[in-house]
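Visitor: Please take one part of this model and go through it closely. I would like the strand pairing first, then the packing around it.

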Amino acid sequence: MWSAGALSESRPSIPNMPVRDRLHQICRYLCHKYRIKVRLRVEAIPKSWKCLGCISYDNSDLPPLIRIDKGLSKSESISTLIHEFAHAVSHRRHGCAWRREYDGHDAEFALMQNEIENLYFYEDGDVESLEF
Ligand SMILES: [Zn+2]
């Protein structure tokens, strides 16, 4: 019999820390894992943007900028960071988001996001990221 509860036994607990610090830590971990650079800001996102987070590219040589709304819960903001980070990796591997279907939310993106979610939630990425 398979039981999801068994996964959580004997795992170190995640210390409680401010959401902003935790997001930066996870972001450094993901950048290391995927060997890409992004910038991260946790800030107030205007309501009119109608999003929890976003990623933007400008014409400079700077890495893409991920913004996460600072009003989110910790779990919401981690999911949002993973979503935006998946855009960054998919942009690199599969081509510019704005030239792809559904504003870049195509099948390749979905697989990328799923891979990162599995890494973080099921392959101990949450614990491993504590060292970053
Ligand atoms: Zn998106």
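**Strands, core and a helix pair**

Guide: Strand β2 (residues 53–56) pairs with β3 in the antiparallel sense, over four bridges. Helices (H or I, at least four residues) and strands (E, at least two) are DSSP runs numbered from the N terminus, and two strands pair if DSSP finds at least two bridges between them. This is a predicted model, in which local features need pLDDT of at least 70 and side-chain atom pairs count only at pLDDT 80 or more, while totals for chains, interfaces and linings use all residues. Residues are numbered from 1 along each chain as its sequence is written.

The largest nonpolar core has 21 residues, and Leu81 and Phe85 have the most contacts inside it. Such a core is a set of buried Ala, Val, Leu, Ile, Met, Phe, Trp, Tyr and Cys residues joined through C-beta atoms within 7 Å. Buried means that 20 or more other C-beta atoms lie within 10 Å of the residue's own; 12 or fewer means exposed, anything in between partly exposed, and C-beta atoms are placed from the backbone. At least two residues of this core come from each of α1 (19–34), β1, β3, α2 (74–94) and α3 (107–121). Helix α2 gives the most, with seven residues.

Leaving aside neighbours within four places in sequence, Leu81 is in contact with Leu23, Ile26, Cys27, Gly53, Ile66 and Ile68. Contact requires C-beta atoms, placed from the backbone, to lie within 7 Å.

The axes of α2 and α3 come within 9 Å and cross at roughly 130°. Axes are lines fitted to C-alpha atoms, for helices over the stretch in contact, with angles from 0 to 180 degrees between N-to-C directions. The two helices, α2 and α3, are therefore oblique to each other, since angles under 35 degrees count as roughly parallel, over 145 as roughly antiparallel, 65 to 115 as roughly perpendicular and the rest as oblique. Among the residues that meet here are Ile82, Phe85 and Ala86 in α2, and Phe109, Met112 and Tyr120 in α3.

Tyr120 is buried, with 23 other C-beta atoms within 10 Å. Apart from neighbours within four places in sequence, Tyr120 is in contact with Ile82, Gly125 and Asp126.

Conventions: Two residues are in contact if their C-beta atoms, placed from the backbone, lie within 7 Å.
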